[in-house]
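Reader: I have the chain open on my screen and would enjoy a guided tour. Please start with the strands and then move on to the helices.

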Amino acid sequence: MNSLRVGAARVCIDPPASEYPFPSNFGMCDESRNPCYVRAIAIESGEKKVLFVIYELSDIPGIPDLEERLASVWGIGREDVILCVTHNHSSPCDRSKFPCDEGKFALFKEIELNAGLEAVSKAVASLRPAKWGYGEIESLCNVNRDLKTWFGFWVEGPNYSGYSNHTLACLKFVDQEDRIIAALLNFGAHAVCAFVQKDTDGKVKSSSNFPGIACRFVEDYYGGDCVAAWTSGAAGNQDPLLFDYQWLEYTDGYVTKISLPDGSGYVHMDILGSRQGADAVTCLDSIRADRAEMPITYLRSTVPIPAQMRDPSFKMPPFGLRMGGVGPRTDFSPPKFPEFPKMLPAHTTIDYTLNLLMLDDLAVLLTSGELYAEIARDMMAAVPVKDSFVITHIPGRGGYTLDKGSADHKTFQSFGGVRAGDADEPLCRRSAELVSQALAQR
């Protein structure tokens with residue numbers, strides 16, 4: 001007897017058009033270009049239930065007890081809810097790095113909560129017998145973003161020779177007639193094709209960015225009530241292949257950031273979104289979803305990582321520690337490197353969330369850390385199963401996490417809460433322990 005049942009749904013989380021301009025985490029949006037969604041996938045296997053709730057947002061909604069409230073719709077515990085975001089830098093937001101009307105934030109929290117509850121309710125109501133399969137495909141939509149210029153500036157730019165994991169992982173659920181119920185996608189790249197950039201009409205627009213466009217490509221292709229949900233892999237040093245600026249280098253070694261013409265970032269997100277959507281369809285079509293059983297084990301844990309802190313006497317430059325200039329160069333005095341803060345031991349730890357969702361022989365590692373791709377690569381290599389992938393941007397502490405091979409990278413990410421290389425071994429060891437524990441419980 002088929003013990004696996006799956007249901008899925010999506011609900012728009014855009015604020016009403018009358019509420020624009022509306023804040024994102026990084027500025028104000030004048031209108032919506034394409035909608036952002038929350039998607040829910042409910043999975044029931046025998047007595048075990050797990051619920052994915054994935055928001056196309058930059059950060060986890062700032063709603064107290066959100067996991068508990070989502071879980072209550074299905075009558076499950078908070079520990080069975082997997083809440084995450086796509087880290088979409090173009091979405092509306094319930095908080096911002098810039099001053100904004102607090103009423104807007106309160107309104108958006110209400111939208112986030114109600115849409116999440118509705119998505120879960122619809123997903124649970126649509127539960128039906130299902131089969132599943134897993135596959136991977138190469139999707140050339142990301143690039144390493146730790147770029148060292150020939151003079152020695154570290155900038156956020158395309159490093160084509162740097163490490164990137166181009167794997168698009170696809171988990172496919174179908175009904176008894178082989179129609180797709182849901183597709184869970186996983187890929188490592190920041191959703192920053194248009195980062196508070198103006199469109200051709202001079203307006204800054206909210207959007208689901210390239211991951212959301214890829215999901216809609218899949219949903220429109222398969223039709224019906226197919227739901228495709230995108231999760232962020234390890235993207236701490238990964239940008240989309242196309243974005244809205246480039247770097248201009250000068251003969252004396254200086255470098256400046258040059259924005260591309262208005263609208264280019266939006267075109268880029270359309271290009272990459274449709275490209276990754278087509279990659280996903282190619283992969284999904286190749287997956288033989290004929291497995292009617294899915295033993296599920298979900299283990300939650302934390303991993304303490306030694307913390308670091310900036311020297312308190314250091315005065316942060318106005319634009320942070322992003323190197324190089326902005327716009328065409330006007331000052332042709334000899335270039336010099338910015339001052340870097342001295343990093344000191346914090347004599348405490350940061351407790352990273354590291355959970356394991358074991359779906360039969362597929363290991364899904366979930367973490368709150370914004371990992372460099374190399375760390376996720378080593379975590380997957382450490383676990384004693386053939387198939388695995390890493391989901392980031394779940395609730396918990398973490399931040400940018402550089403691998404030991406990036407210890408000399410003087411990018412803005414390197415001056416965060418964890419010293420480069422301190423997280424590699426603990427995260428890899430704990431990943432292997434969790435998978436071994438899950439296998440032993442079978």
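Reader: Which residue in E15 is the bridge partner of Phe187?

Author: Happy to start there, with a note that this model is predicted: local features need pLDDT of at least 70, side-chain atom pairs count only at pLDDT 80 or more, and totals for chains, interfaces and linings use all residues. Residues are numbered from 1 along each chain as its sequence is written, and side-chain values use heavy atoms, leaving out hydrogens and water. Strand E13 (residues 180–187) and E15 pair in the parallel sense over six bridges (strands pair if DSSP finds at least two bridges between them). In E15, Phe187 has as its bridge partner Ser232.

Reader: Why is H3 described as oblique to H4?

Author: Helix H3 (residues 209–222) and helix H4 (residues 264–286) have axes 7 Å apart and pack at about 45°. Angles under 35 degrees count as roughly parallel, over 145 as roughly antiparallel, 65 to 115 as roughly perpendicular and the rest as oblique. H3 and H4 are therefore oblique.

Reader: What is the handedness of the H3 and H4 crossing, and how many nonpolar residues does the contact have?

Author: The near helix is turned from the far one by less than a right angle, anticlockwise in a left-handed crossing and clockwise in a right-handed one; H3 and H4 cross in the right-handed way. Contact (heavy atoms within 4.5 Å) involves residues including Phe210, Ile213 and Phe217 of H3 and Leu272, Val281 and Leu284 of H4. Ala, Val, Leu, Ile, Met, Phe, Trp, Tyr, Cys and Pro count as nonpolar, Asp, Glu, Lys and Arg as charged, and the others, Gly among them, as polar. By class there are five polar and two charged residues, and the nonpolar ones number 13.

Reader: Is Asp279 buried or exposed, and what is its relative accessible area?

Author: Asp279 has its place in helix H4. Leaving out residues up to four places away in sequence, Asp279 touches Ile137, Glu138, Ser139, Leu140, Cys141 and Leu168. Buried means under 20% relative accessible area, exposed over 50% and partly exposed in between (1.4 Å probe, protein chains only). Asp279 is buried, at 16%.

Reader: Which residue in the turn between E17 and E18 has a positive phi?

Author: Strand E17 (residues 245–249) and strand E18 (residues 255–259) pair in the antiparallel sense over five bridges, with Leu248 opposite Thr256. The two strands form a hairpin with five residues between them. A positive phi of about 100° in the turn belongs to Gly253.

Reader: How far apart are the C-alpha atoms of Tyr254 and Met323?

Author: Tyr254 lies in the loop between E17 and E18, and is buried with a relative accessible area of 19%. Beyond its neighbours within four places in sequence, Tyr254 contacts residues including Phe153, Arg329 and Pro335. Tyr254 and Met323 are 69 residues apart along the chain, and their C-alpha atoms are separated by 10.0 Å.

Reader: Which residue in E8 stands opposite Arg5?

Author: A five-strand open sheet has the order E7-E6-E5-E1-E8, with mixed pairing. Two bridges join strand E1 (residues 4–12) to E8, and these strands run antiparallel. Opposite Arg5 stands Pro129.

Notes. Axes are lines fitted to C-alpha atoms, for helices over the stretch in contact, and angles run from 0 to 180 degrees between N-to-C directions. Helices (H or I, at least four residues) and strands (E, at least two) are DSSP runs, numbered from the N terminus.
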